[in-house]
Amino acid sequence: MIGYRGPTACAAAGITYRQLDYWARTGLVEPSVRPAYGSGSQRLYSFRDVVVLKIVKRLLDTGVSLQNIRTAVQHLRARGMADLAQMTLMSDGATVYECSSPDEVVGLLQGGQGVFGIAVGVVWRDVESALAQLHGERVDTGETLIGHNPADELARRRNRAG
């Protein structure tokens, strides 16, 4: 299993470390690989966690309330990985709706609901692309996994020294 440290999760999701820390401490998006255990410990986020972080950021940017985002995040946690990639989240700025087919999106729009949508599959691919350039960490060994950035000598040295 691969985990991503806070700074990597932030870079891939487009959020600040302060946001990440606040969301973890308040239970909005907690790291599923390894939570923090006191000062100095490193949280590790899964790929799915990073996708949810990016979705939360997009919902916040469009004015959805934190209370409604919490409800949406709880719903996302309950869904399987394959379900997430096929999902579109729609919102009228107040409520977040899940649409799993084009017909549901059209029905929502025709009903006068839904001002914007987030295609979770697109977010998924964005996060995948971002993380490919960044570093992960093997949970079992702690080894830093180097992204596709050939210029990152520091991570290579860290692995040789460890």
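A residue is called buried here when its relative accessible area is under 20%, and the legends below apply that word to a predicted model.

**View 1. The protein chain as a whole.** The protein chain contains 8 helices and 7 strands. Of its 162 residues, 39% count as buried. When contacts in the protein chain between residues at least 6 apart in sequence are considered, 56% of them join residues that are at least 24 apart.

**View 2. Helix α1 and what covers it.** Helix α1 is mostly covered, since 6 of its 8 residues are buried. The buried residues of α1 are Gly 6, Thr 8, Ala 9, Cys 10, Ala 12 and Ala 13. The elements that cover them include the strands β1 (2–5) and β2 (44–45), together with the helices α2 (17–25), α3 and α7 (120–132). Just after the end of α1, Gly 14 takes a positive phi of about 75°.

**View 3. The packing of helix α1 against helix α3.** Helix α1, which spans residues 6–13, packs against helix α3, residues 47–61, at an angle of about 50°, and their axes are 9 Å apart. An angle that falls between the ranges for roughly parallel and roughly perpendicular counts as oblique, and α1 and α3 are therefore oblique to each other. Their crossing is right-handed. On the α1 side the contact is made by Ala 9, Ala 12 and Ala 13, while α3 contributes Val 50, Leu 53, Lys 54 and Lys 57. Sorted by class, this contact of α1 with α3 has 5 nonpolar residues and 2 charged ones, with no polar residues.

**View 4. Val 51 in helix α3.** Val 51 is found in helix α3, and because its relative accessible area is 0%, Val 51 is buried. Leaving aside neighbours within four places in sequence, Val 51 is in contact with Val 120, Val 123, Trp 124 and Val 127. The C-alpha atoms of Val 51 and Asp 126 are separated by 8.7 Å, although these two residues are 75 residues apart along the chain.

View 5. Are Cys 10 and Cys 99 buried or exposed? Cys 10 has 7% relative accessibility, so Cys 10 counts as buried; Cys 99 has 3% relative accessibility, and Cys 99 therefore counts as buried too. A disulfide is counted where a pair of cysteine sulfur atoms lies within 2.5 Å, and by this rule the count comes to 0 disulfides.

Methods. Residues numbered from 1 in each chain as written. Predicted model: local features only at pLDDT ≥ 70, side-chain atom pairs only at ≥ 80, totals over all residues. Heavy atoms only, no water. Buried < 20%, exposed > 50% of the residue type's maximum accessible area, 1.4 Å probe, protein only. Axes fitted to C-alpha atoms, helices over the stretch in contact; angles between N-to-C directions. Helix = DSSP H or I, 4+ residues; strand = E, 2+ residues; numbered from the N terminus. Parallel < 35°, antiparallel > 145°, perpendicular 65-115°, else oblique. Left-handed = near helix turned anticlockwise from the far one by under 90°. Contact = heavy atoms within 4.5 Å. Nonpolar A, V, L, I, M, F, W, Y, C, P; charged D, E, K, R; others polar.
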